[in-house]
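Have a look first, then read on.

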Amino acid sequence: MLPNKLKEKCNELADYFDQPAWKNRILFYSAIFLSIALAFIIIFGIFNLIIPNFTFPNNAINYDNERYLLSALVQSLAATIALVITLSLVAVQLAAQSYSPRVIDVYKRNPDMWILLCIYIITIFYGLGLIKVVELDISEINMEGAIFVAYFMGFFAFVCLVPYMLKTLDLLKPSTVIKLLAADITKEKILRISDDDENIEDKDSIQPLIDIINKATENNDYETTRNGLKAIRKKYINIILRDRKITQNEERKISGIVSKHICKVGNLAINKGKEDTLLETISFFEHCGKVTAIKDHNISALNSAYSIVSLGFRATKKELDYPTQEAIDSIKIIEDIFIENKADKEAFSVCIRYAKLIEEAANNNLQCTEYAIFLLEEVVLNALEKEIKQNQIMADMSINTLERIIEYAMETKQKNLEVRARRSYFYLKENVWG
């Protein structure tokens, strides 16, 4: 029991130190400093126990040797930090080419590089100053202790390279970059975006993630695409559902901006024939629409439904059967929640577009049309059962849509589609008109 609790506490502490905030990273490097100092104290304590005559510090200083060693230490530190900075800049360049030039801001805000740079600068200038006064007989300075501090700081500086390199390598992973960029997505930053602003992309906290997602889509890196969309979705839902001060106008603007960005990803996927990415964008809107509709945030839910319809129409024109079917499924899920919550206007508005999408699927000879007709029938019957105010209009509109599908099926001699459409047509007429 105790080891498990200790392990949990250690994991919590490690997670706290690993956070990219300045306070967390300064405490992390301070912990390393104290750990090394404690290790030095223990080591010299052991030496004092083993060797009775061993004392530190002592006054046996060979100034030539000390000057040479300090000079070598300072030169090695300078060469090391120069090499580390060069390699770090190369890593930043590679990341910018692989993901987006906007990830440069992530590396620029990384506190590890600046903390390491400060440690090396302090250690180098301390060593240079010590070389200057090493042979001077200054009574206020304990020279042996001062030299020991220089060696200790040099050892500490080299040890700090290990966590810095691990952190830099971690920053090269797409998941880490996505996590850091997603942290910048806030209500205030989204609302700050103005269509009239010439520097809109510089202020848009979502755009860097969209760049990474688009790049990953082109490279068939669907895991990165999925992670990017999940990160945006999580932040978006948190803003809409957990911010109690959000107004309807703010919700409308935020949902509109987010939907516009994700629709661009979906449209790119359609143009490039990347069905996996298109399915991920449809899933994004389905989840957002479902969650927001359940919590009566109908503005956001309606935007999600409209976005799915938009992607569905484009998918039908490209004759993408399975994505169209997924779009139709997703819209029905959101529509059923609207009907269940008696959201009359929203249910009616979505149903109009839903029926048009199914008709478009039929006109493009997609195999999912028969299944879609069955879903449309379910939607209408559900609206009638829940006594939605505009259910009669929804039913009449759906019946007219089925009439047009039947005519098209007869013209194109699609017997199965005609049979399915006629069955739903007469069933709805019987339930609506008796």
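The largest cavity has a volume of about 60 Å³. On a 1 Å grid over the protein atoms alone, a cavity is a set of points where a 1.4 Å probe fits but cannot get out, and lining residues have an atom within 4 Å of a point. Grid points are joined across faces, edges and corners, and the volume is the space filled by probe spheres set on the points. With a cut-off of 30 Å³ or more, the count is one cavity.

Who lines the largest cavity? Its lining is made up of Ser88, Val92, Tyr107, Asn110, Met113, Tyr164 and Thr168. Two elements give two or more residues each: α3 (63–98) and α7. Helices here are DSSP runs (H or I, at least four residues), numbered from the N terminus. Sorted by class, this lining has four nonpolar, three polar and no charged residues. For the classes, Ala, Val, Leu, Ile, Met, Phe, Trp, Tyr, Cys and Pro count as nonpolar, Asp, Glu, Lys and Arg as charged, and the others, Gly among them, as polar.

## A note on the model

This is a predicted model, where local features need pLDDT of at least 70 and side-chain atom pairs count only at pLDDT 80 or more, while totals for chains, interfaces and linings use all residues. Residues are numbered from 1 along each chain as its sequence is written, and side-chain values use heavy atoms, with hydrogens and water left out.

## The open space

Now for the largest pocket, which has a volume of about 470 Å³. A pocket is an open set of points with protein on both sides within 12 Å along at least five of seven lines. Its lining takes in 19 residues, and Asp18, Gln19, Pro20, Ala21 and Leu180 lie nearest the centre. The elements giving two or more residues to this lining are α1 (2–18), α5 (111–133), α7 (161–171) and α8 (174–182). By class, you'll find eight nonpolar, three polar and eight charged residues there.

## α17 and its partners

Helix α17 (residues 344–363) and helix α18 (residues 369–385) have axes that come within 9 Å and cross at roughly 160°. That makes the two helices, α17 and α18, roughly antiparallel (an angle over 145 degrees). Axes are lines fitted to C-alpha atoms, for helices over the stretch in contact, and angles run from 0 to 180 degrees between N-to-C directions. Contact means heavy atoms within 4.5 Å. On the α17 side, the residues include Cys351, Tyr354 and Ala355, which meet a set in α18 that includes Thr369, Ala372 and Ile373. This contact has eleven nonpolar, one polar and no charged residues.

What about α17 and helix α19 (residues 391–412)? They pack at an angle of about 5°, with axes 10 Å apart. That makes α17 roughly parallel to α19 (under 35 degrees). Among the residues in contact are Ala347 and Phe348 of α17, and Ile393 and Met394 of α19. The classes here are twelve nonpolar, three polar and two charged.

## α2 against α5

Helix α2 (residues 22–50) packs on α5 at about 45°, with the axes 10 Å apart. Trp22, Arg25, Ile26 and Tyr29 in α2 meet Pro111, Asp112, Trp114, Ile115 and Ile119 in α5. Seven of the contact residues are nonpolar, none polar and two charged.

Methods
Angles under 35 degrees count as roughly parallel, over 145 as roughly antiparallel, 65 to 115 as roughly perpendicular and the rest as oblique.
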